[in-house]
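Please look over the chain shown here.

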Amino acid sequence: MDEAGRGPLAGPVVAGAVLFNNSLLDKGLGIRDSKKLTPKKREKLFFEILKRTGIGIGIIHEKDIDRMNIYRATILAMENAVLELLQNIKGRDKDKIRILVDGNMKLDLPYKIKCIIRGDSKITCIAAASIIAKVTRDRIMYLYDMHYPQYGFKAHKGYPTKAHFCALEKYGPSPIHRRSFRPVRIWDEKN
């Protein structure tokens with residue numbers, strides 16, 4: 001599993017979980033860390049992954065991130081992604097389940113869990129999970145861009161870019177901004 005959206009100032013954190021499947025190892029697919037792929041390639045691979053294996057997605061929105069903090073929100077998103085995946089793979093021997101996690105997140109699940117630093121660049125199924133998480137989050141941010149076009153979410157996805165800071169300065173935070181994140185909180189304190 002992997003996540004997308006820990007660092008942005010706005011929008012949700014999204015986790016993806018992907019069932020290991022030998023068909024994902026087909027070198028012709030080109031599955032690798034989502035950050036190293038173009039948006040067009042990620043979209044194409046998103047559908048290939050959906051066709052070939054089971055997935056789970058966990059989404060924790062900005063108000064919950066503000067309430068619990070980004071670390072705990074990320075863990076909850078990951079746990080929710082795994083639980084959804086397990087619902088989708090009924091009939092499997094759950095005693096044999098092993099969870100590979102990108103990074104060093106301490107999940108509270110009754111399975112063997114192995115954390116792998118930079119796992120999205122080392123393990124195909126983690127890379128596939130990173131694609132699922134990234135594409136899902138990007139789509140959410142495209143929808144938010146239609147509601148709040150002045151912020152440019154379609155371009156920067158809520159990450160702290162110069163354009164995003166300029167929009168924050170001009171318009172203030174939107175309803176989807178993470179008020180607990182320092183740059184947003186500072187803006188709130190100034191005004």
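## Basis

This is a predicted model: local features need pLDDT of at least 70, side-chain atom pairs count only at pLDDT 80 or more, and totals for chains, interfaces and linings use all residues. Residues are numbered from 1 along each chain as its sequence is written, and side-chain values use heavy atoms, with hydrogens and water left out.

## The sheet

Three strands form an open sheet in the order β1-β2-β3, with antiparallel pairing. Strands are DSSP runs of E, at least two residues; helices are runs of H or I, at least four; both are numbered from the N terminus. Two strands pair if DSSP finds at least two bridges between them. The edges are β1 (2–4) and β3 (55–60), each pairing on one side only. Neighbouring strands are turned by 20° against each other on average, direction ignored. Axes are lines fitted to C-alpha atoms, for helices over the stretch in contact, with angles from 0 to 180 degrees between N-to-C directions.

Strand β2 (residues 13–18) runs antiparallel to β3, joined by six bridges. Val18 stands opposite Ile55 in β3. Helix α4 (residues 124–147) packs on the sheet and touches β1, β2 and β3. Its direction makes about 145° with that of β2. Contact means heavy atoms within 4.5 Å.

## His177

His177 sits in the loop between α6 (162–171) and α7 (182–190). Its relative accessible area is 1%, so His177 is buried (under 20%; exposed is over 50%, partly exposed in between; 1.4 Å probe, protein chains only).

The side chain of His177 makes a polar contact with the side chain of His164, at 2.8 Å. A polar contact is a pair of N or O atoms within 3.5 Å; within protein, one must be able to donate a hydrogen and the other to accept it, and residues adjacent in sequence count only if both atoms are side-chain atoms. Leaving aside neighbours within four places in sequence, the contacts of His177 include Leu9, Glu62, Asp66 and Tyr151.
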